[in-house]
Amino acid sequence: MLQGVVRVFAAAAAGLVLLSLPVAAETTVKIGLINSYTGFVAQAADEGQKGFDLYLKEHEKDLPPDVKIEVLKRDDTSNPEVGKRLAQELITRDHVQLLTGIILSPVAAAIAPLTAQAKVPLLLDMAAAGAAITRISPYVVRVSFTLWQQAYPIGKWAAEQGWKKGYSAVSDFIPGHDSEAAFTKAFTEGGGTMVGSVRFPPANPDFAPFVQRIKDAHPDVVFIFVPAGTQATAMMKAIQDFGLREGGINVVSTQDLLPDEELPHMGETPLGLITSGTYSADAKRPANQAFIAAWKKAYGDGSLPDFFSVDGYDGMHAIFDLIKETKGNFTAEQAVEFLSHWKNPDSPRGPISVDPQTRDIVQNVYIRKVEKADGKLVDNEITTIPNVKDPWKELNPEKK
């Protein structure tokens with residue numbers, strides 16, 4: 001009987017010891033993701049979101065023990081003022097440690113000053129390709145792309161073809177303005193002359209009157225920028241309807257005009273077109289083939305990622321690397337320092353890194369030609385321009 005009492009007291013004592021041991025606290029990293037789930041770039045936003053979600057699904061198991069991510073998704077409705085209000089709420093009410101996402105440059109430009117005031121980092125990882133955005137706040141880092149990175153090389157390429165008369169036709173907002181300026185500078189530096197330009201509304205434009213003006217000007221080459229998605233298909237239809245290419249007018253663009261998921265809807269019109277871009281779903285890089293396989297497993301064989309998708313995927317990769325490095329405990333300054341030096345030599349789009357001086361992405365730019373493969377149109381990367389920094393920042397160094 002005495003032995004039984006002793007055992008009872010021993011068990012109770014052991015229980016008390018266990019109760020007194022500290023329990024490992026779970027760390028939750030709160031991320032505010034602002035995206036254009038509705039509005040005129042909703043299709044692009046969906047592609048980027050799927051890339052973000054895919055990385056999270058594949059790698060959540062790789063987070064440090066007792067660390068989890070909470071993603072607070074918000075819809076800016078493709079409106080800068082809405083995006084700014086949502087960012088304020090995420091910072092002041094929800095106390096997020098990091099902002100990310102953002103398709104539209106005007107939305108990013110509206111949010112960036114808040115990041116400096118509140119000292120909350122913003123990782124641009126879907127698009128928001130206006131070159132100057134990273135200069136608005138020292139807390140902004142970009143791993144997507146800039147339009148200058150793509151439009152400047154295609155302007156240089158166009159001049160090298162011997163084309164002398166150029167024309168630009170772009171959407172009337174930040175990415176259109178940037179791409180127009182970049183193409184114009186490179187084309188004229190190469191000996192070309194711009195004989196005209198036109199800008200159209202960024203949302204729901206009727207392209208017919210603008211394409212007619214291009215046809216009337218009859219340049220050797222027209223540079224076009226439209227937001228990727230259904231507008232790209234609508235522009236290609238207008239190009240076909242007005243017979244631009246049959247009339248001897250060459251068409252070039254950034255990857256936005258020929259996004260991978262829209263090519264099946266464009267008929268034969270894009271065949272042979274040349275664009276510049278940072279990604280093609282048809283690329284044979286092993287990392288991309290693995291990415292495509294994971295994408296199709298998650299979203300179906302009929303689904304294709306595009307450059308927004310791989311940007312979102314890479315952005316989440318950078319966030320995971322930050323969390324793993326810090327075990328989820330980081331200050332804004334530590335996050336910016338880490339992300340400003342982040343690199344991935346094996347991204348689906350090729351080697352990528354962030355320039356710590358500018359906090360902007362450095363990556364390959366590909367000259368791409370639309371060809372047929374297995375009966376389908378693809379963007380074939382025919383030339384690689386390695387390690388391209390944002391040309392605008394190279395041409396416009398910050399004043400000390």
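Biologist: Is the crossing where α3 passes α4 left-handed or right-handed?
Modeller: In this predicted model, α3 passes α4 in a right-handed crossing.

Biologist: At what angle do α3 and α4 pack, and how far apart are their axes?
Modeller: The angle is about 30°, and the axes are 8 Å apart. Here α3 covers residues 80–92 and α4 covers residues 105–118. An angle of about 30° makes α3 roughly parallel to α4.

Biologist: Which residues meet there, in α3 and in α4?
Modeller: From α3, P80, G83, K84, A87, Q88 and I91. They meet P106, V107, A110, I111, L114 and A118 of α4. By class, the contact of α3 with α4 has 9 nonpolar, 2 polar and 1 charged residues.

Biologist: Next pair. How do the axes of α5 and α6 cross, and within what distance do they come?
Modeller: Helix α5 (residues 147–160) and helix α6 (residues 174–189) cross at roughly 30°, and their axes come within 7 Å. That makes α5 roughly parallel to α6. The crossing of α5 and α6 is right-handed.

Biologist: What residues in α5 and α6 meet?
Modeller: α5 brings L147, W148, A151, Y152, I154, G155, K156, A158 and A159. In α6 they meet P175, D178, S179, A181, A182, F183, K185, A186, F187 and E189. The contact of α5 with α6 divides into 13 nonpolar, 2 polar and 4 charged residues.

Biologist: And α2 with α9, what angle there?
Modeller: About 95°, with the axes 11 Å apart. α2 is residues 42–59 and α9 is residues 286–299. That angle makes α2 roughly perpendicular to α9.

Biologist: Which residues make the contact of α2 and α9?
Modeller: On the α2 side, E47, K50, G51, D53, L54 and E58; on the α9 side, F291, A294, W295, A298 and Y299. These residues of α2 and α9 divide into 6 nonpolar, 1 polar and 4 charged.

Biologist: How many cavities of 30 Å³ or more are in the whole structure?
Modeller: A search finds 3. The largest cavity holds about 140 Å³ of space.

Biologist: Which residues lie nearest the centre of the largest cavity?
Modeller: I103, P175, F225, D256 and F308, out of 17 lining residues. P175 is also one of the α6 residues in the contact with α5. The lining of the largest cavity divides into 15 nonpolar, 1 polar and 1 charged.

Biologist: What about the second largest cavity, how much space lies in it?
Modeller: About 50 Å³. The second largest cavity is lined by D355, T358, D360, I361, V362, K389, D390, K393 and E394. That lining has 2 nonpolar, 1 polar and 6 charged residues.

Biologist: Which element gives the most to the lining of the second largest cavity?
Modeller: β13, with 3 residues. Both β13 and α12 (391–395) supply at least two residues of that lining. β13 also gives two or more residues to the lining of the largest pocket.

Definitions and conventions: Residues numbered from 1 in each chain as written. Predicted model: local features only at pLDDT ≥ 70, side-chain atom pairs only at ≥ 80, totals over all residues. Heavy atoms only, no water. Axes fitted to C-alpha atoms, helices over the stretch in contact; angles between N-to-C directions. Helix = DSSP H or I, 4+ residues; strand = E, 2+ residues; numbered from the N terminus. Parallel < 35°, antiparallel > 145°, perpendicular 65-115°, else oblique. Contact = heavy atoms within 4.5 Å. Nonpolar A, V, L, I, M, F, W, Y, C, P; charged D, E, K, R; others polar. Left-handed = near helix turned anticlockwise from the far one by under 90°. 1 Å grid on protein atoms, 1.4 Å probe; cavity = no way out; pocket = protein on both sides within 12 Å on 5 of 7 lines; lining within 4 Å. Points joined across faces, edges and corners; volume = space filled by probe spheres on them.
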